[in-house]
Amino acid sequence: MHSGIFSKIFFGSIGFTIGVWYDIVAVERAARRNRNEISRCAGISKRSAREDSGRRDLNGRKGHSWQYVRKLRTENGFKKATIDKLENRDTRRNGKSGRVRCTQRYTAVLLMAAALVTGCGAQEKLSYTKQGMNAVEALEYEAALEYFETGLDQEEDRRMIYRGMGLAFMGMTRYEDAILYLEAALHESGGRVEDLDFDMNYYLATAYYKSGRAEDAVRAYDAILALRPKEKNAFYLRGYVKLSRGEFEQAQKDFDAAVALDGKDYDQMIRIYMALEEYGYKEAGMVYLQKVMAENEKSITDYDMGRMCYYMGDYEQAREYLSRMDSAKEYGAALYLGRTYEALGDYNYASSIYAAFTENDQTRAEIYNQLGLCRMQMKEYSAALEAFQAAMNIEDNGMMQSLKFNEIVAYEYMGDFKTASALMNSYLQSYPDDAAAKREYEFLRTR
């Protein structure tokens, strides 16, 4: 096995930059967790505001907001030609193998109808759009597209369908197609700016960035900030994109703006530090952490102080702060104290911390993942595999890509190359732009 692959598993579970948006399911779950924050701090929402109070404009008034819709649609580059392109794309999708696709579609309809008949009679039939979104979350992107196309035939909400298709194509790493459908979804806004429009602009910015169109990604964040100037997440993400383009000073201005909106958002401080470290500005990143630690010395918790010390590489101080907490019952304490001992090279003690926590709480996938990584370092590959699979069995674990990859590595180290190869083939169907995994798959095929 390639040595670089083994090192990769240690980074898959820690993602604070825009790169974490690669996993579309994780994005959807993050959106769902932030849903209740929308009205208060303009976070990302997954649900149409037509189901909530989104019929109001950005100032809280009911009615149309044409100028806002125009800004969201034009600043991200949407043009009328996109609709023509979209219609041509749909024609090609359906025309390439029309009879087969039609047969597949209506076979799926019949199967779903049969399931409804044999199931609970009182159960409400899900819309094709909802079934498509469920398929997206299950990483079944082709099936999702079939549901969405059937939804279009049934004249369901085009905006929600185009959004879903955009997310499916993002999951398939077909970012230009994702851009096409997300832009079309924005075009369907119908004169009102709702939470969903901001949600789609976030996804659109990510698709632009992943397709190499960083300038368009910046414009998408510009459009969001023009309407929601206190959207700290947009400032951070725009700063990250600028940093990726080598615009350090401009990125720093955005990071400073995000910090100014909430100087006690320690998660955000860590994200900024990680971004700056990634692009070679570690010292600048440390300034953010040192400043927030100094300014909040009397109020900051042992947990926040400990994890910031951890990221700064001061492991002795991190251990001192985190050891004051009950790591057997407190998730944050267990995660960062364990990581601290890993950084100090004591994998045995780190694994004992994780194992003790799992005796009290079996719902934290990250803990099981770290336990598995420790077992890998200790060459206890069967125990590592058990830990990874325990994490995978946790519903909505939010880190399935990392866990699937780590599972494959465990099988590889156990010498079960046949199983590892089969799992890698499945992995690449879900995450086709993982170049390192592609190289590893070629290696596995030779075994």
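A nonpolar core is a set of buried Ala, Val, Leu, Ile, Met, Phe, Trp, Tyr and Cys residues joined through side-chain atoms within 4.5 Å. Buried means under 20% relative accessible area, exposed over 50%, and partly exposed in between (1.4 Å probe, protein chains only). This is a predicted model, where local features need pLDDT of at least 70, side-chain atom pairs count only at pLDDT 80 or more, and totals for chains, interfaces and linings use all residues. Residues are numbered from 1 along each chain as its sequence is written, and side-chain values use heavy atoms, leaving out hydrogens and water.

**The core**
- The largest nonpolar core has 125 residues, and Phe255 and Met424 touch the most other members.
- Helix α11 (residues 195–210) gives the most to this core, with ten residues; helices are DSSP runs (H or I, at least four residues), numbered from the N terminus.
- Leaving aside residues up to four places away in sequence, Phe255 touches several others, including Tyr236, Ile272 and Tyr288; contact means heavy atoms within 4.5 Å.

**Helix α23**
- Twelve of the 14 residues of α23 are buried, so the rest of the structure largely encloses this helix.
- Among the buried ones are Met400, Phe405 and Tyr411.
- After α23 comes Gly415, with a positive phi near 85°.

**Glu320**
- Glu320 sits in helix α18 (residues 315–322) and is partly exposed, at 41% relative accessible area.
- Glu320 and Asp302 are 18 residues apart in sequence and 8.9 Å apart in space, C-alpha to C-alpha.

Terms used
Helices (H or I, at least four residues) and strands (E, at least two) are DSSP runs, numbered from the N terminus.
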